Amino acid sequence: MTDSRLPHILLRERPDGSDFTSTRSGGGEKRIPGRQRDAHSSFLKSRLEAAWREVEDERAVVQIERHGVYIEFKSDPGADLVTKSLEDIRSKKVRLLNVRTETVAVTNPDTGAPEEVVTTYATVFVANEKKDHFLKKIQEYAEADTEKGRPRNADLINSIADIRKALSIESFWQDATSLIPDHMPQWCEIWLSNDTDEVISGFEALLKKLQLPSKAGIIRFPERAVKLVLANCDQLAQLCQLSDDIAEYRRAKTTAEFWTGLRNKDQAEWVRDLLERTRYELVPDVSVCILDTGVNNGHPIIGPVLSDVDCQAVDPSWGTHDHDKHGTLMAGIAAYGNLVEALSENGPINLNHRLESVKILPPHGANPTELWGYITSQGISRAEINAPERKRIHCMAVAAADTRDRRRPSSWSGQLDQITAGTDDDIRRLLIISAGNTDPAGWAMYPDAQLTDSIHDPGQSWNALTVGAYTELDAIQDRTLKDYLPMAPKNGLSPFSTTSFCWEDNKWPIKPEIVLEGGNLAHDGNGFITECDDLSLLSTYYDPQNSHFHPFTMTSAATAQAACMAARIQAQYPDFWPETIRALLVHAANWPDGLWQQFSGDGSKTALKKLLRICGYGVPNLERALFSAANSLTLIAQAEIQPFDKKRDDVGKPISGYRTKDMHVYELPWPKDVLRGLPDGTGVEMRVTLSYFIEPGPGEIGWQDRYRYASHALRFELNSPGEGKEELIKRINKAARDEEGGHPGTASASKYWKIGQARDRGSVHSDIWQGTAQELADSNIIAISPRIGWWRERAHLKRWDRRARYALVVSITTPEETIDVYTPVATQVGITVPIEIPV
């Protein structure tokens with residue numbers, strides 16, 4: 001499509017109801033150009049023969065004995081290459097080594113509009129004795145027909161636009177070309193085309209002959225093996241000349257250990273490079289406020305985003321400096337994300353949010369337990385008084401070691417819920433907090449210990465976004481730990497993360513809601529466990545005179561990443577509410593394969609309920625949170641609703657008692673023509689996320705009961721195929737009444753939802769609808785309805801007529817990038833306001 005980064009669509013009023021027009025019909029067929037048979041076969045034959053001659057001439061010059069050649073096949077721009085036919089699996093003498101694509105911006109000759117087209121390249125090894133393999137296919141194409149009268153091998157040959165000898169590096173390089181080493185050696189992954197002992201030993205002998213340094217050991221996959229080699233561009237080209245077993249080249253993943261192992265003066269060179277590449281286009285009113293041990297803004301890469309006036313302390317006698325290092329570690333990641341990624345890049349980095357620091361922990365001793373909530377509140381107030389105009393993301397990775405509260409609200413978590421809901425000042429706030437870390441005594445019992453170590457206070461807060469940890473880090477390069485193994489599998493639960501799996505009932509919020517990188521542990525297989533820089537993130541050290549960088553792990557590092565993401569979303573969409581930013585982070589999350597394999601069981605709703613209690617909705621994707629795509633449309637509504645009212649008689653006069661009041665119904669501006677135009681049975685996915693803040697009950701009495709803690713609850717419901725608006729409203733009214741009586745209603749569309757009723761916990765609800773395009777075309781009515789809470793049950797406190805805000809996020813995703821569901825909605829949608837219907 002013309003653009004894969006499109007803004008989300010904010011619904012402001014009722015759509016005009018105009019028909020939608022599909023920009024494409026159907027899809028899924030191969031895009032193969034038509035060819036003039038004789039001319040094309042003659043051209044490809046000459047190109048293949050020229051490529052082979054070029055290889056033989058090269059061998060004659062350098063006197064290389066090889067068993068075959070590398071040939072590269074190319075598609076036309078915007079067309080497909082039939083890569084599956086480029087391999088002879090039976091003989092294994094013709095092997096498809098890799099496929100890569102290049103995207104180029106062009107102008108559409110018909111419309112004059114810019115668009116992107118993709119060219120596909122495939123690198124193939126052809127053994128010497130199979131020299132005629134593709135020549136025969138071309139000859140058959142030129143001279144023989146199938147039973148249907150088409151040229152033999154037509155799909156394959158027509159899909160090939162050109163053939164050439166594979167280039168020495170580019171034909172094998174799978175990362176961005178900017179990462180290809182120059183004449184300075186870099187650690188690279190060499191992917192071999194086979195995992196047999198013969199291939200591996202032969203390649204290691206070649207490395208020894210060329211005196212190329214390599215890491216001990218090898219990573220095996222089916223029909224692939226990976227070796228880490230230190231090489232420059234010329235040495236990689238030489239390997240292509242001398243080996244028949246190269247499949248791919250990639251830049252090795254750099255770990256935190258690379259930078260922590262440098263001398264500080266060498267670290268300073270990397271700091272200077274980062275500063276030169278970073279563009280500080282700070283949005284004046286977007287910030288991340290770090291509530292921690294203080295931040296040292298004398299660090300050269302922290303100074304540009306954290307001014308002296310934005311460094312404060314709850315108690316001025318504490319000073320604003322970082323006395324512990326934790327706050328400055330939080331700051332580096334809250335500003336830049338994981339510094340391993342920032343330092344590894346070559347291109348520009350754009351920062352558009354600033355930092356603030358409020359010191360809430362004393363340099364000596366500890367705050368009294370009974371003051372934790374008060375001190376947090378004071379820290380937030382100081383930042384807001386200092387710069388009241390800012391839209392800030394409050395970030396706190398401070399938690400109590402004592403987990404006796406387990407799911408029950410505490411005075412601290414209750415205070416956070418009051419702050420975020422704006423109970424005292426009607427100002428809503430986004431607060432991102434850590435789930436807390438596991439007891440080191442339980443590391444050896446991974447992952448069972450993580451399932452019994454509860455989320456730490458105040459992580460049970462209903463309104464705060466609680467962040468746990470997973471890990472992608474599983475490569476140990478430290479030679480002193482060469483016999484060690486990673487504790488957690490790649491994309492599995494981090495050994496540091498606590499969970500709510502041990503909470504004894506289903507009444508309390510899903511915690512954590514999301515997980516982000518929190519690092520891993522290394523073990524020797526005999527019970528000894530250690531932290532390891534290779535399995536850590538990298539951040540800024542509070543004393544740059546001694547070191548600019550320091551490893552950083554645990555749920556603190558994950559929380560800082562979430563705050564950085566939230567600030568980027570807020571800068572992109574300045575009108576979005578805190579409830580909306582929280583919704584987008586949850587909405588953009590998914591479970592990577594590692595977490596899914598660890599905890600999803602059979603994928604049933606019961607198993608997914610377990611998964612939610614361990615890692616929430618998974619790992620958020622910032623790109624999805626920031627942008628829609630042509631085939632992935634996101635609609636957002638922000639609205640207020642009045643959940644409760646006094647009961648009224650038939651003429652509308654108030655009588656004794658209280659009732660639920662409003663329901664909001666959205667008739668979403670669905671791209672129905674596009675969906676109905678897809679082939680029968682085409683699977684599509686819709687995701688719905690509802691986010692709102694509750695007001696906590698006034699006092700701890702009754703906090704064992706969720707109905708006495710939460711001011712109200714909201715639910716979303718979708719019409720099922722064939723169900724009209726009136727039928728949906730009747731069904732929801734019954735569900736509301738049944739739930740108040742203790743018997744939740746069963747939605748008629750329940751078979752389409754991946755999670756189901758387990759989503760209805762806490763104050764953010766998200767679920768994934770899966771069905772066919774035709775079924776989704778008839779399912780575009782979403783209702784938001786209230787459920788019981790203390791605003792109604794404790795009406796004497798005179799909060800029964802309060803209005804509540806919420807954010808609704810709805811996405812449609814189709815399987816093919818060529819299917820455009822965005823354009824027909826974007827060209828038709830107006831500003832949508834939900835219809836208020838009495839319950």
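The following exercises, with worked solutions, concern a predicted model of a protein chain.

Residues are numbered from 1 along each chain as its sequence is written. Local features require pLDDT of at least 70, side-chain atom pairs count only at pLDDT 80 or more, totals for chains, interfaces and linings use all residues, and side-chain values use heavy atoms, without hydrogens and water.

**Exercise 1.** Describe the overall make-up of the protein chain.

*Solution.* Begin with secondary structure: the chain has 23 helices and 36 strands, where helices (H or I, at least four residues) and strands (E, at least two) are DSSP runs numbered from the N terminus. Next, consider burial: of the 839 residues, 55% are buried, that is, under 20% relative accessible area with a 1.4 Å probe, protein chains only. Finally, turn to contacts (heavy atoms within 4.5 Å): among those between residues at least 6 apart in sequence, 81% join residues at least 24 apart.

**Exercise 2.** Determine the strand order of the open sheet of 3 strands, and identify its edges.

*Solution.* The order is β18-β21-β22, with antiparallel pairing; two strands pair if DSSP finds at least two bridges between them. The edge strands are β18 (485–486) and β22 (529–530), each of which pairs on one side only. Strand β21 (residues 522–523) is joined to β22 by 2 bridges, and histidine 523 stands opposite isoleucine 529 of β22.

Note on methods: Buried < 20%, exposed > 50% of the residue type's maximum accessible area, 1.4 Å probe, protein only.
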